[in-house]
Number of protein chains: 2
Amino acid sequence: MKLSRFFLPTLKDNPTDADALSAKLMIRSGMIRKVASGLYEWLPLGLSVLKKVENIIREEMNRIGGLEVWLPQIQPKELWEETGRWGIYGKELLRLKDRKDAEFCFAPTAEEVITDLARREVRSYRELPLMLYQFGTKFRDEIRPRFGVMRAREFYMKDAYSFHANEADAEATYGQALNAYKTIFERCGLKFRPVEAESGLIGGSFSHEFMVLADTGEEEIVSCDACPYAANKERADCPAKAGDPCPRCGAKVVFSRGIEVGHTFKLGTKYSAAMGATYLDEKGQKNPFVMGCYGIGVSRVVAAAIEQNNDANGILWPLPIAPFSVIITPINFDDPKTKEAALDLYNQLTGHGISVLLDDRPERAGVKFKDADLIGIPLRVVIGEKGLAKNQVEVKERKNPSAVEIPLGEAVPHLLKLLS
Amino acid sequence: MKLSRFFLPTLKDNPTDADALSAKLMIRSGMIRKVASGLYEWLPLGLSVLKKVENIIREEMNRIGGLEVWLPQIQPKELWEETGRWGIYGKELLRLKDRKDAEFCFAPTAEEVITDLARREVRSYRELPLMLYQFGTKFRDEIRPRFGVMRAREFYMKDAYSFHANEADAEATYGQALNAYKTIFERCGLKFRPVEAESGLIGGSFSHEFMVLADTGEEEIVSCDACPYAANKERADCPAKAGDPCPRCGAKVVFSRGIEVGHTFKLGTKYSAAMGATYLDEKGQKNPFVMGCYGIGVSRVVAAAIEQNNDANGILWPLPIAPFSVIITPINFDDPKTKEAALDLYNQLTGHGISVLLDDRPERAGVKFKDADLIGIPLRVVIGEKGLAKNQVEVKERKNPSAVEIPLGEAVPHLLKLLS
């Protein structure tokens, strides 16, 4: 992509109305813009990161047998009344009436609709287990939307739901989903921790939150270095302060902070029993489905990645979710030799399937360097007249303070090696 | 994909509440299910077709320089009041109030939000032209939702918006968009026609509708065989009956029917002038953006493709948007030799990157054949004991009445050739 043809409205200064580091950086880097409280536009740079996260999630959900569906966002009140959540959910549920005064909500989650689907379409234990998932826009009418897209009202979510003939099968799939989630966040290049958590409005017997670790995180995590124990501090049975004994092994616990980006729930028969959603077992007996559900806040992952990976100059994208892998920064694109070398490098790299941003704007080098750092592209190649006179270009990793000089002819293999 | 692990609830009989051929076939083939009036669930088979259409559209939008964004679906009343559409749009606009009683709508289209974005972020003619597009859920509260997903209330749309410094540039991009649309529908394998049309609630000076040709289509098209003239019959200046003179060349016009799947508009300055969205020209003067907008009803394309391509037994998918390219139908999957041959063929084809559905269900052959025809997979391979005894399998193209016997060892190259 040539920057002159891209839409990248970067800002020199922090927006005054952004209240989180990631929100500031997403607005400054031209990833998002705010339309109204809790409502954001995702611009091309931001959307490309979101799509990379989405694709990683989709691949791993498919790998554990998930089947992608697309469920309505506007859902009838009647279904939500069957589980009682129409009454319980409160003002976070955006309720609305259609032209005939029938009542609906903008779905914040889809347990009712998917349980209704299984109730109508799944008859026998032979059709189980079944895991359905979707990507889509969700709405939660937060009383105080904040932290940019991290606690927005409209957000992008992957929600998955599984149906089982018994607890053991539900347990097995739950374990697979936990592993898939670990793979997803590893593949995104993030430091994270799965923790035991409360189930909140989704309910059910048991849940895990996936936390992206960041000092700025809203959630407090209690964990143990001597065993895998980790829990959200909100959990009633968790140790109260650092140094308290681990409930599993008795060693001393430590505290850290994180941002919740995923949540897995063992639902049991909470929804299926309430809605009369049953299958026939081997003996021809009706039983309610045993269920699980598995969410990832895709748009929140993007913000959490920034909270974890940044410095004073801007974002440091982990390579797997970076909007571009390489940025080429010609000092003066009007210089014919610079232009030729820059375009040649651009064509060679894109020919290798590398995503490259070429900063072909008529801006001062300082402006280009600042923007490259701000938007956080992992590798930067600077091409200037001085270097070219020595047949050299400068390669700098965003995460390293210093650059290296590379012979022009070795730039492509050098970059490919850094990216491999 | 192995059918035993897929979610494919096919029906023997037509649903009683479906009022269009495509709606009946989409429900029977397990592509969609109805949740409420005008609200549908897209099941895995349906969604895979939708995603194929989406990907073709995305590639062609990118090719003409389109940049993908994601705009809020819930949009503030204030923006819609700036253009007067809050008042004009009537009951088709789904209006709602948030917890603070602020008014919003569920966007049926996004001219106001995108014009507001350009107003805030685009300053100079040097940043033009700019083409932004998105995929997303739209809502139109139809007074009488019908024809399944063709006139649903919630639907999936690609909407694109372009900004220009002058009419000539807007014309040039409009021409590019028309060509991109032609490429899109050609790549989808559909017979279609672009026609001149009225502009309706979107407004502007000029528009084209893209019609997928089908005898069951709602729209009547007037066209001329002697020149490229084609228009929607709703257009005021179009000939009234077959045989009337073509307004371009005087030859006799003919009538045909179609389904509108895309609409391109030259908006001029309708939105930018109303919203004070301006750029600075070469002389430093403020001018309103000249705009275009370009929609495709992605979910409607899927239904229209079925209206055009079907027979008494079910759907006949054009290969580029077929959910799977090949279905392997073992007569009796419990027979060890049949199973081995079927799995071997499945692995070889998927190894070549072909999408294959293997019907490994313990169903009678007749049930499997009926489902294969119903869901419309372009190529079917039948593997049975009798054929295997002669070392042969049967290959049938969905569109052809007769099958051919092929030696088992030649099945893969034969299928690859048919798919190329």
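User: Which rotation, and how much shift along its axis, superposes chain A on chain B?

Analyst: Two copies can be compared by fitting one onto the other, here by least squares on the C-alpha atoms of residues with pLDDT of at least 70 in both. In this predicted model, a rotation of 180 degrees with 0.0 Å of shift along its axis superposes chain A on chain B, with an RMSD of 0.0 Å. That is the relation of a two-fold axis. In chain A, the C-alpha nearest the axis belongs to L96(A), at 2.8 Å from it. The same surface serves both copies, since 100% of the contact residues of chain A recur in chain B.

User: How many residues does each chain give to the contact, and what area do chain A and chain B bury between them?

Analyst: The size of an interface is often given as the accessible area lost when the parts come together. Here, 56 residues from chain A and 56 residues from chain B take part in the contact (heavy atoms within 4.5 Å). Chain A and chain B bury about 4800 Å² between them, and 63% of it is on carbon and sulfur atoms; the buried area is the accessible area (1.4 Å probe) that two parts lose on being put together, summed over both. In chain A, F7(A), W70(A) and R99(A) lose the most area to chain B, together 19% of what that side buries.

User: How many salt bridges are counted between chain A and chain B?

Analyst: Side chains of opposite charge can pair when their charged atoms come close. The rule used here asks for a side-chain nitrogen of Lys or Arg within 4 Å of a carboxyl oxygen of Asp or Glu, and it gives 6 salt bridges between chain A and chain B. One of them joins the side chains of E121(B) and R33(A), at 2.6 Å from N to O. On the side of chain A that touches chain B, α2(A) gives the most, with 5 residues (helices, H or I, of at least four residues and strands, E, of at least two are DSSP runs, numbered from the N terminus). By class, that side has 34 nonpolar, 2 polar and 20 charged residues, where Ala, Val, Leu, Ile, Met, Phe, Trp, Tyr, Cys and Pro count as nonpolar, Asp, Glu, Lys and Arg as charged, and the others, Gly among them, as polar.

User: Into which domains is chain A divided, and what lies between them?

Analyst: Domain bounds come from an automatic or database domain assignment, which divides chain A into domain 1 (3–311) and domain 2 (324–419). Their C-alpha centres lie 38 Å apart, and 12 residues of domain 1 are in contact with 11 residues of domain 2. The area buried between these two domains of chain A is about 980 Å², of which carbon and sulfur atoms give 63%. The count between the domains is 1 salt bridge, and the side chains of R398(A) and D311(A) meet in a salt bridge at 2.8 Å, N to O. The elements that give two or more residues to the side of domain 1 that touches domain 2 are α1 (21–28) and α2 (44–63) of chain A.

Methods:
Residues numbered from 1 in each chain as written. Chains lettered and ligands numbered in written order. Predicted model: local features only at pLDDT ≥ 70, side-chain atom pairs only at ≥ 80, totals over all residues. Heavy atoms only, no water.
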